[in-house]
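Please open the model in a viewer and keep the selection tool at hand. The stops below proceed from one selection to the next.

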Amino acid sequence: MFERFTQDARDTVVGAVAEARRTGADTVTEEHLLLALLGRGALDPLGVDRAAMAADLAAARRRGGMSRADEEALAGLGIDLTAIVSRVEEAHGEGVLAAAAPRRRTLGSSLRSALGRPELKSRHVPFAQGAKKALEKSLRISLGRHDGHIATLHLLLALLSLPGTAAEVLADHGVTYAAAEAALAA
């Protein structure tokens, strides 16, 4: 499938992996794909404020990745997510829910550390199930449009068509499937 990706789309996927590594994430998520699209300027034709969208993604990570729909569902049960996040951050530090889980030390990493060799920067970061679905959906969208390639437009449309934090943040910034298709396909 990767051979169908345009160079911009490949760079976006590589950028998502780099974003996951930069943040210490164990997996590449849909949010990393969206941040890579933002970083490459793929959303600029839609008039998206990069800084504001990145801030909204960071706020979602601070809530432990819970969407507003999750927050509303919990509120319906009488659970205030904001209060819970505040109490957890009081006890464990600000942004603790957004932080990557500590990496397990393996025998190899322990030996490298003992020998004075740093961890390899190119460690493999697998794709989370949601990110895999987004990549697969981008292929389906490309095939449905009879395009012979997968471009950043297809990646964006895939993120918009799948439920989750990335689609929610995009919608909050006025990016809809129809608007993206019209603005970026031209």
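**First stop: Ala25**

Ala25 is buried, with a relative accessible area of 13% (buried means under 20% relative accessible area, exposed over 50%, partly exposed in between, with a 1.4 Å probe and protein chains only). The model is predicted: local features need pLDDT of at least 70, side-chain atom pairs count only at pLDDT 80 or more, and totals for chains, interfaces and linings use all residues. Residues are numbered from 1 along each chain as its sequence is written, and side-chain values use heavy atoms, with hydrogens and water left out.

Ala25 sits in the loop between α1 and α2 (30-39); helices here are DSSP runs of H or I with at least four residues, numbered from the N terminus.

Next, select Thr12 in helix α1 (residues 7-23). Thr12 is buried, with a relative accessible area of 1%. Beyond residues up to four places away in sequence, Thr12 touches Leu33, Ala36, Leu37, Arg40, Thr152 and Leu155 (contact means heavy atoms within 4.5 Å).

Then select helix α8 (residues 152-161), which is largely enclosed by the rest of the structure because 8 of its 10 residues are buried. Among the buried residues of α8 are Leu153, His154 and Leu155.

**Last stop: Leu77**

Finally, select Leu77, in the loop between α4 (68-76) and α5 (81-92). Is Leu77 buried or exposed? Leu77 is exposed, with a relative accessible area of 66%.

Conventions. Helices (H or I, at least four residues) and strands (E, at least two) are DSSP runs, numbered from the N terminus.
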